[in-house]
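Try each task yourself, then check the worked solution.

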Amino acid sequence: MTTPLLAIDGITKTYPGVVANSDVSFDIGRGEIHALLGENGAGKSTLVKAIYGLVRPDSGAMRWQGRPYAPAAPHEARAAGVAMVFQHFSLFDALDVAENVALGMDNPPPLRRLAAQIRTVSRDYGLPLDPGQLVGDLSAGQRQRVEIIRCLLQDPQLLIMDEPTSVLTPQEVEILFRTLRQLRAEGRSILYISHKLEEIRGLCDKATVLRLGKVVGRCDPRQKTARELAEMMVGTKLHQPERPAHAPGEVLLEVKALSLRSPSPFGTSLKEVSVAVHAGEILGIGGVAGNGQDELLAALSGELRAPPGAVSVRGESVGHMGPNVRRALGLLCAPEERLGHAAAPEMSLTENALLTGAWRQKLVNRGFIDWTRARGFAEAVIRRFDVRTPGPHVVARALSGGNLQKFVIGREILQRPEVLVVNQPTWGVDAAAAAAIRQALMDLAEGGAAVVVISQDLDELLEIADSFAALNAGRLTAKRPVRGLTLDQVGLMLGGADEAGDAAA
Amino acid sequence: MIDLSSINPVVLAAALMVAATPILLAAIGELVVEKAGVLNLGVEGMMITGAVTGFAVAVMTRDPYLGLLAAAFGGAAISLLFALLTQVMMANQVASGLALTLFGLGFSALLGQGFVGVSPPRTAKLDFGFLSDLPILGPILFRHDPMVYVSLALVAGVWYFLNYTRGGRILRAVGENHEAAHALGYRVRRVRILAIAFGGACAGLGGAYLSLIRVPQWTEGMTAGAGWIALALVVFSSWRPWRVVLGAYLFGGIIVLQLNLQAAGFRIPVEYLAMSPYLVTILVLVIMSSGRARKTLAAPGSLGRPFHATG
């Protein structure tokens, strides 16, 4: 029996009030892609941070190639041969690629030599990248390449990847997997964190499943179905969102030739976006982050103004109107960023409920706030959407991501919108909460509303949407029915090859 | 009658460099602080603290250079108060900076009570031989006190540090995205405290330049808004060291011109000229926040945001 590359033995870490890891043990062998599975809050991040030296476990030990290993800081972990690609990229927008790479190294060579090394590595591993480009101008896939190359330049034995595919197109995922398999063939190990089960089944050799900080299962993911893995992760039977077929109704939301300049220097301007959404229809809009999603949501919600006819609700032009007028007409929105955009972090749930619900729910009476009604509305959202919180007086910041997401989506749904637009409704939300949110969106469409779901999670869109369109560099492809759409076609749409696909069909 | 002929452009240009030096020193320090992601509005307070400590030490030791050194230490010391509040105790940066200014103004008045009306030791002007004897260029460029050249060398040093050294890269990284810098294992708090201390030292030097060389005398509140101009200058320069020089000499020019026009009996109220640095800064801010120019003129990403290290 050979010694494993990294042996983790009984790691425990508690934070005030939470046990993040409890007696976690597993081994990572050489040349192995090892999956770490678990819902949000299962303790994956804490465990990985302990391996990378960002967190000190309270008890337990690790052995690296048979020798005791207890990194006190990331540079000690890097010196041992551990490298990490972060979920939220640890990159600096205003610096160029080479400078970003240099910041992740302990003894970087002069920038000119480093740039040459970056070119070599990016060619060897099929990850094209220009060292002189500003990171702020790169796509999510390219940003991830910067992180990976930064790691590879240090010749790591273990590469930790935290949810690497959540922002990539299917084609980019393919490139990434080819690189990861090449690394495995070189005898390097990879610790792969994800909750995308199909990927894990296709890529990983072993899997360790965490739930509430404890190891609840080990398996060979290639021998399991995605459903079995999901149930190991959640610990109960999964409820699949479902909805009967239906006929589309009248057009509720129409966008006509909407062109809009992005207010942000790193944003994407919208170009001639046109689409119509019918009553009872869920339109899924896919696309890699930064292709105009935020701008589209802002244009629909009224945060960005457009020519009057560019956006209309039930035939009424609202393009030039602000959010409150649109809300009165039944067009409600839930933006992506939960803290700071969808909800004010330091305000209570009651106050947050009031912020968008004031008009439709009549929470304001002749200029005065009706606190009783506002609290009642917040409580209704909490009850109906199973938001885990002590009560409506709690500030939004104190809620976990999934619970706050249920609250901000629920707040809009309970106002009975005619048209609901959501951006990344289940981003960073655990499987059970995500299923609940998806079901609520489908129920809403069932009740005759038009729903627009902007998301980077293709599985989600293909699961709940009736029709699909893709955003690419601010342009929206023509929508197509989801039924009969293949993953290849979706990939081409995401790449902006709408017309080419039509010509071939 | 306006007598513009009484304004000598050579003297004006020479005076401009002297007038610009205090704000240049303070602004280059604040630039480093802001590049590290910290907004320290206490520049005025640190300047006046430097002005009084520098003045007191110079008078007591009869050595202006010891005075300047003490001013740098004084400015750095009081800036560490700000660092303690904002980096260790996580207080709000804007409020702490304003408090630092008010505290510095009061504290310096207390320290300077025995020094009103005293004259400090003189600081000699440098003589560059034939360079100083050049017509026009000589008096404008080569007949100043050493601090004028030190301030320019400091700008060059900061420019080189920020763009060409690893330390500078780390400092910019901390200011751009402190969470990412922390994740990579950099000590965000330590970098920021060092930057704050450097900013304090520069502001202190700027203040002492006023009290020891430019005026030279100690009066209460003698910085008279120079710290605010320095703050505006950092924004005006869009966080680029050489543009700070440009801005400082522009604003220095306005200050000198205003004095000369007053002497020449010009009819426009001088308040208009006194307002102009701020107006120009507001104008620059408007230009910066419109259109595509923003990408290249953007402020450090984490500027003014407090950093909480989480597990």
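**Exercise 1.** Work out how helix α12 and helix α13 of chain A cross, and which residues make the contact.

*Solution.* Start with the axes: those of α12 (residues 371-384) and α13 (residues 401-413) of chain A come within 9 Å and cross at roughly 115°. Helices (H or I, at least four residues) and strands (E, at least two) are DSSP runs, numbered from the N terminus. Axes are lines fitted to C-alpha atoms, for helices over the stretch in contact, and angles run from 0 to 180 degrees between N-to-C directions.

Next, list who touches whom, where contact means heavy atoms within 4.5 Å. From α12(A) come F377(A), A378(A), V381(A) and I382(A), and they meet F407(A), G410(A) and R411(A) of α13(A).

A word on the source: this is a predicted model, where local features need pLDDT of at least 70, side-chain atom pairs count only at pLDDT 80 or more, and totals for chains, interfaces and linings use all residues. Residues are numbered from 1 along each chain as its sequence is written, chains are lettered from A and ligands numbered from 1 in the order in which they are written, and side-chain values use heavy atoms, leaving out hydrogens and water.

**Exercise 2.** Trace the six-stranded open sheet of chain A and find its edge strands.

*Solution.* Read off the order: β6-β7-β8-β3-β9-β10 (chain A), with mixed pairing. Two strands pair if DSSP finds at least two bridges between them. Now the edges: β6 (82-85) and β10 (214-219) of chain A each pair on one side only. From one strand to the next, the twist averages 20°.

Then zoom in on one pair. Strands β3 (residues 33-37) and β8 (residues 189-193) of chain A run parallel over four bridges, and A35(A) has Y192(A) as its bridge partner in β8(A). Helix α8 (residues 226-234) of chain A packs on this sheet, touching β3, β9 (206-211) and β10 of chain A.
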